[in-house]
Protein chains: 2
Amino acid sequence: MIQKVLESIESSKKIYLEQVKDWIRIPSISADPNYKEDVIRSANYVADDLRSSGFDVELITHEGGNPMVYAEWMKAPGKPTALIYGHYDVQPVDPLNEWKSEPFEPIEKNGNLYARGTADDKGQLFTHVKAVEAWLKTTGSLPINVKFIIEGEEESGGDSLYKYVKVAQEKLKCDFCVISDSSQFGPGQPAITYGLKGMAGVEFVLTGPSQDLHSGTFGGAVTNPGNALCKMIAALHDENRKITVPGFYDDVKDLDAWEREAFSKLGFSDKEFFESVGVTGGIGEKGYTPLERKWARPTCDINGITCGYQGVGSKTIIPARASAKVTFRLVPSQDPQKILEALKKYITSLCPEGIKIEFIDEFCAGPALINVDSEYMNAAVEAIKEGFGTKPVFIREGGSIPIVVSFQKYLGVDTLLMGWGQNDDNIHSPNEKFSIDAFYTGIKTSAILLDRCSKLK
Amino acid sequence: MIQKVLESIESSKKIYLEQVKDWIRIPSISADPNYKEDVIRSANYVADDLRSSGFDVELITHEGGNPMVYAEWMKAPGKPTALIYGHYDVQPVDPLNEWKSEPFEPIEKNGNLYARGTADDKGQLFTHVKAVEAWLKTTGSLPINVKFIIEGEEESGGDSLYKYVKVAQEKLKCDFCVISDSSQFGPGQPAITYGLKGMAGVEFVLTGPSQDLHSGTFGGAVTNPGNALCKMIAALHDENRKITVPGFYDDVKDLDAWEREAFSKLGFSDKEFFESVGVTGGIGEKGYTPLERKWARPTCDINGITCGYQGVGSKTIIPARASAKVTFRLVPSQDPQKILEALKKYITSLCPEGIKIEFIDEFCAGPALINVDSEYMNAAVEAIKEGFGTKPVFIREGGSIPIVVSFQKYLGVDTLLMGWGQNDDNIHSPNEKFSIDAFYTGIKTSAILLDRCSKLK
């Protein structure tokens, strides 16, 4: 059976590519209200595609927000149920002048498809949409039950789906989840991501004098919010680059021995890594390699600082205000809310006389660690091995995919993070791309995964 | 003689006020090229006024820039020569919507004249212009020789005059200088400023990765320029708020015992001071009072920081760059250039791996300390005592008037800093004002000063 499905996929490749191009041409930028109609068009595009393959499809709007596409094919009684997640919205395209081709007119070049949404996430998600189509077209059925939940607020920080998962546990019930919205370890080296960081973010806003003051007339007497901010931020790390917030490491699950060993065998080159971002090296937590710190150690980064005069030349003032956006990336089993409270308490304790502090724009996301020994994980490993011809490596990721935590928490299932992208796909930058080969191979791998999983129940 | 001059001033008060209003109506904003013609008109206004009083006047343009008004009356052989400095240009007026009246239409309210340039510096300078007019009109001569040098780049950072002083030592030769471009200690308490701070300013520009990076994917491995900047700035002060740049205090002339005693007797209220700027207190160098730190101890203030994302909400990036504008206020006998070199060396030594640092927009100005026991200083004290009816106190100032240093260095003379303003005159802010009484009393005091000085040779 699977052989026929794979043959069908092989013979339909060009059609699939043209279809995904059509989808990509819809500029479904969810962060920009001007694209509202396109966002809806994008939802309908994938909804119609799944419907014509034989899925029952509905558009669900939950407490406002963009509709979620829910689709199911549940005609394999006794067999496992997969829940496949993806998103039909895309990132904004600015700075437009840095694009070498039209952001929403996909072009093929050097084996890649270039356009906004190719890798993130339309191209990757479409591999599963086409895999089920190929199964249904070739055999009239799927080897397991399959549900899709495809949202339209992933790139705009919306929470429709998060709220929905809490109340739709029965509807979304499944044995495992699948997400293709991440990257391989490198070209020719497929990977499965089993660890994701969480986040705790906040902006500190420091207010000093009621207006900007002359730094000569008032300097030395009036506390400068800019200097105070720097002192407070500097105090977040000690000399070993450990984070100093009291209790910060209490719940940190350190790397297992097997992980450190596995990481060291990946052939990750510090030199190449640093060169790829234009530097010769970097500092970080003592006792860990750059890769370990990136993937599996908690971090604290300034995202932005606003303070005083920022124009050309000088203006010798004591600024009235200074603020900093700060994000902590957290690892299992840190609790973002607990970290945020400890942080605020600590920072407040550092606030000097003459400065008022407030905290705004807080956000949280939990970290996730996925069991690498489950039967579904084994099926995913086998499917990738067969589809890509190379055994995947297990990797972790410094980024966060908060829905994975929601699926763990409310549906009680792990997610198979099978990313077909590459680290240099420019997913939030100009000239986003996705390998056309990875697109085809992803469709086949998804078809194989369904087959493998059918043997598990 | 002086009595007649003072009577003439008294009877001409209203005329003087209307004249200074006419001058103030010229929007001579030197920082904005759109006002170039008005700047020239302003120069001519004061030039014509001095000419019609009987001065020899010329407009001097030195190596480009706005013309300087030079005027002299040198018909008192054997008598001292005063050089009176002032500036005919004014600050910009934005934010315009915070003005309660038209910036360039002077209005009288509560005994003050409100408009841009009233206190800084047209109103103050005009007191000397009218004092010499009253002398010449009443007696046909001046009791001493008087030169004026009035520049048009004080508010735009121009350096025509600085360059000119170096080459025009013979022309500007004098026994003492007079500047009225500062403030009294408070209402009813005239003052002479005898100490000015210097400055050493620079912007640190830190460059990390070649572009903004995802803080999840790269955090922990790539050095964050924002965090690095804060660490470096925080390291500029120790726990006692002493500045840590090596050698920073080597040349600092500490406060004399008489100064600390005199300061403590001024009745400066820390509480009122802090309340006036909207705070309850402030931190500063250990071992010194707020007033001592403001006036006579070196300081280090952040003027502005630019780093990463500054919009609404969050953007979880490692910024590619971070920069900070920093100004040190220096006291006698610190050398700004030496401090700047030591600072750059120190900051560079703190720069972590993965960050490149460069220094831009450097500027320097020397500190000044003026002998309070000179005969001309005594004359100024007596003149103020007679004119204002109150003995002036000696004060220092955290701001810088770099031309005072040039006069010391190239002309070999001290300056009498006889300020008629008040600290709340909003000189660089909306709703600038100047006391009309101080304007009249300033004219009389200037006339008395000339008389007193005529007895010194």
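Begin by selecting domain 1 (2-196 + 367-453) and domain 2 (198-252 + 298-363) of chain A, bounds that come from an automatic or database domain assignment. Here 4 residues of domain 1 of chain A are in contact with 7 residues of domain 2 of chain A, contact requiring C-beta atoms, placed from the backbone, within 7 Å. On the domain 1 side, these residues comprise 2 nonpolar, 2 polar and no charged (nonpolar: Ala, Val, Leu, Ile, Met, Phe, Trp, Tyr, Cys and Pro; charged: Asp, Glu, Lys and Arg; polar: the others, Gly among them). The domain centres, taken over C-alpha atoms, are separated by 38 Å.

This is a predicted model, in which local features need pLDDT of at least 70, side-chain atom pairs count only at pLDDT 80 or more, and totals for chains, interfaces and linings use all residues. Residues are numbered from 1 along each chain as its sequence is written, with chains lettered from A and ligands numbered from 1 in the order in which they are written.

Next, display both chains: the contact takes 65 residues from chain A and 65 residues from chain B. On chain B, that side has 22 nonpolar, 31 polar and 12 charged residues. Its largest share, 9 residues, comes from S11(B) (strands are DSSP runs of E, at least two residues, numbered from the N terminus).

Select S11 (residues 299-308) of chain A together with S11(B): 5 bridges join these antiparallel strands, pairing being defined by at least two DSSP bridges. Thr306(A) stands opposite Thr306(B).

A turn of 180° and a shift of 0.0 Å along the axis give an RMSD of 0.0 Å, which is the relation of a two-fold axis. In chain B, Cys230(B) has the C-alpha nearest the axis, 2.1 Å from it.

Methods: Copies are superposed by least squares on the C-alpha atoms of residues with pLDDT of at least 70 in both. Two residues are in contact if their C-beta atoms, placed from the backbone, lie within 7 Å. Helices (H or I, at least four residues) and strands (E, at least two) are DSSP runs, numbered from the N terminus.
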